[in-house]
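Subject: Structure handover

Hello,

Here is the structure we talked about. Please open it alongside this note; what I found follows below.

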Amino acid sequence: MTPAKHQYSILKQICQHIPAHLVSKLSRSFGIDKQSRTFSCWSHIVSMLHVQIAHSLSLNDVSDTLRNHSGALTPIRRATPSSRNGLSHANRVRDPLMAETLFWEVLSHIQNKHLDFGRGHKYSGLPRRFKRAIYAVDSTTIQLVANCIDWAKHRRRKAAAKCHMQLNLQTFLPQFAIVKEASTHDSTEAYQLCQDLKSGEIAVFDKAYVDFKHLADLDRRELFWVTRAKDNMKYRFVKQNTEPKGNIQYDALIELEMPKSREAYPKKLRLVKAYVEINGEKKLMKFITNNMQWAPSSICDLYKCRWGIEVFFKQIKQTLQLSDFLGHSQKAILWQVWTAMLAYILIRYIGFLGQWKGAFSRLFTLLRGYYSAGWMFLALWLPVGQHVVHRVWLAALSRLICRVLICSKILRK
């Protein structure tokens, strides 16, 4: 493979959106600068972003590729390629809390710079009649290798990590996240996930997060919440709230019967039983909420929009490198997960600047396609002061097609 000659590479265009002072500031605060001699913290971040974009499968894959393109790494704030052992040692020893902090700092920097970042995202399942902020709370499981990773074992033959997330459905951007082993129940993280929500906002979550003490705390803070009722929930009907209509079977006010549940949540709850369409089929579901004013159909629509967080998890797990990990230690796993989230934000930001109208997966596939085609460091951006223009992408693609056609004619002759 011929090393890249162009200094304004794709990787540089992605990394340049990280504030120049931020990585060095965080490395000093976490003491990582004292641990690094030749392989700096900035070089570590650049290498891990390359892992996500190129879908690197091993440490040798990362080190060999970056060493081959070491000339293009130098313009990226003097980043340097690492050896196989150097990258493995950095992932194993350095504090992953720095990668987590870097992710939140970069996200905050972008949102302060562009207040409308993420607002152009269109999720068809979001109810448009709600003007309040809507947050979905859920978790996704990241499968790991059980015979190598003891710290994440949660069953006899299984090991996994869990990413608990609070997602803003209007912007499709994370607001809070916890990455830890999958051995704990989802409800134990409910308090921490919802601690920063403000009065009047709406939280939607699955029944795995149902904890009546937590629900009472949300109601005390004047937050609205919607979730599914557990199958074994014991309650008694107080009165009918609205008349059944259409897919709504009943809409009633209830009180909890079990002493512990009633002590945790002494107020009345609203129970809505309705048919909800899922993948073209209607299924009967029960929802509970603390809002007594919304229409029953609005409560059903709010819970349906919770499935947007499943779309988000599908985006990051099917596009970013969260299946093959470069290490087995807890720190190595966390480094790769948080740099994957960082890569997601930076690529979303590039699409925002370029007014990209397609899906995130298509934009990522396009970037990865240039990597796999050997154009890992091809410049696709116009000079400073102009945004990405789709003509540049089309021109590069047309040049590739012309070269393929010319080569095919030569081979035929």
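Helix 2 (residues 22-29) buries Leu22, Val23, Leu26 and Ser27. Buried means under 20% relative accessible area, exposed means over 50%, and partly exposed lies in between (1.4 Å probe, protein chains only). Helices (H or I, at least four residues) and strands (E, at least two) are DSSP runs, numbered from the N terminus. The buried residues pack against helix 3 (41-54) and helix 7 (97-113). Contact here means heavy atoms within 4.5 Å. After helix 2 comes Gly31, with a positive phi near 75°.

A word on the basis. This is a predicted model, in which local features need pLDDT of at least 70 and side-chain atom pairs count only at pLDDT 80 or more, while totals for chains, interfaces and linings use all residues. Residues are numbered from 1 along each chain as its sequence is written, and side-chain values use heavy atoms, with hydrogens and water left out.

Now the cores. A nonpolar core is a set of buried Ala, Val, Leu, Ile, Met, Phe, Trp, Tyr and Cys residues joined through side-chain atoms within 4.5 Å. The largest one has 96 residues; Ile18, Leu102, Ile134, Phe312 and Leu342 have the most contacts inside it. Helix 13 (residues 330-353) gives the most to this core, 16 residues. Domain 1 (1-121 + 327-379) and domain 2 (125-320) both contribute residues, so this core lies between them. The domain bounds come from an automatic or database domain assignment. Another core, of 28 residues, lies apart from it and includes Tyr209, Phe212, Leu223 and Met233.

Next, Phe130. Phe130 is in the loop between helix 7 and strand 1 (134-144). Phe130 is buried, at 11% relative accessible area. Not counting residues up to four places away in sequence, Phe130 touches Ile202, Trp294, Ser298 and Leu302. Phe130 and Ile202 are 72 residues apart in sequence, yet 9.6 Å apart in space, C-alpha to C-alpha.

Last, the record. An unreviewed UniProt entry annotates residues 333-351 and 363-382 as "transmembrane region". UniProt positions follow the numbering used here, feature names are shortened, and annotations may be inferred rather than shown by experiment. In the model, residues 333-351 are 100% helix and 0% strand, with end C-alpha atoms 27 Å apart.

Best wishes
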